[in-house]
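Here is a short report on one protein chain. Keep the structure in view as you read.

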Amino acid sequence: EMSPPLIGNVTDALENCDTLNVQWTHNPTPTTLCQVYIPQDGLPTYHVSRWLRLAAEGPLDRSKNLRHVAVMTNPRGINRHNVPRMQLIRKHWQSLLIFLEHLDDVLDDVRKIIDERLAKLTAISNRHQPIIAMTVNKGQSQLLANFLCAARSKNLDVSRILVFVTDAESEAIVRNLIS
């Protein structure tokens, strides 16, 4: 019987890795957690599927077959994804209504920003290449940082990326990343 080698530290464990995928998991209950990694040809995927031994309804039952469940489903069979209450939904609809009532003004502002960006880019590259527009808030800023760093590491041109930030923290991060 073969067993995996015992590696005493992270540096030695990663010594022969050209790429590394890391998955954080959480098993808050006293259930047996198994991990399955399936190599895939073609486009990479990092999707995580969750499976539990559950009947159509009810708690964990070891006599049942594994079945696909929502990621937030707990061993009691309860999906812990909290759907917003109607009061919160109405509040957000009001915000959306304000935005939609001013959409023409917003689009005019966006066009001005894009035209300014295009004027700067025309001097250094083809004006007819696409501009990628993104929005980011503090909660997504690490994803943006990862995207930009990965693009640069592959020598991709990031000068045609236009980022609209929604808060001061994101603006600071974007400014640091593009400077």
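## Overall layout

The protein has five helices and four strands. Helices (H or I, at least four residues) and strands (E, at least two) are DSSP runs, numbered from the N terminus. Along the sequence, the pattern reads α-β-β-α-α-β-α-β-α.

This is a predicted model, in which local features need pLDDT of at least 70 and side-chain atom pairs count only at pLDDT 80 or more, while totals for chains, interfaces and linings use all residues. Residues are numbered from 1 along each chain as its sequence is written, and side-chain values use heavy atoms, with hydrogens and water left out.

## Burial and contacts

Of the 179 residues in the protein, 12% are buried. Buried means under 20% relative accessible area, exposed means over 50%, and partly exposed lies in between (1.4 Å probe, protein chains only).

Contact means heavy atoms within 4.5 Å. Take the contacts between residues at least 6 apart in sequence: 42% of them join residues at least 24 apart.

## A β-α-β unit

Strand β3 (residues 132-136) pairs with β4 in the parallel sense, over five bridges. Two strands pair if DSSP finds at least two bridges between them. V136 has V165 in β4 as its bridge partner.

Together, β3, α4 and β4 form a right-handed β-α-β unit. Right-handed has a viewing rule: with the strands pointing away from the viewer, the path from the first strand over the helix to the second runs clockwise.

## Two helices side by side

The axes of α4 and helix α5 (residues 168-178) come within 10 Å and cross at roughly 10°. Therefore α4 is roughly parallel to α5. Axes are lines fitted to C-alpha atoms, for helices over the stretch in contact, and angles run from 0 to 180 degrees between N-to-C directions. Angles under 35 degrees count as roughly parallel, over 145 as roughly antiparallel, 65 to 115 as roughly perpendicular and the rest as oblique.

From α4, the contact uses S141, L144, A145, L148, C149 and R152; from α5, it uses S170, I173, V174, L177 and I178.

## Two loop residues

N155 sits in the loop between α4 (141-153) and β4 (161-165). N155 is not a glycine, yet its phi is positive, about 55°. N155 counts as exposed because its relative accessibility is 72%.

P130 is in the loop between α3 (103-122) and β3. At 64% relative accessibility, P130 also counts as exposed. The C-alpha atoms of P130 and I161 are separated by 9.1 Å, and the two residues are 31 residues apart along the chain.
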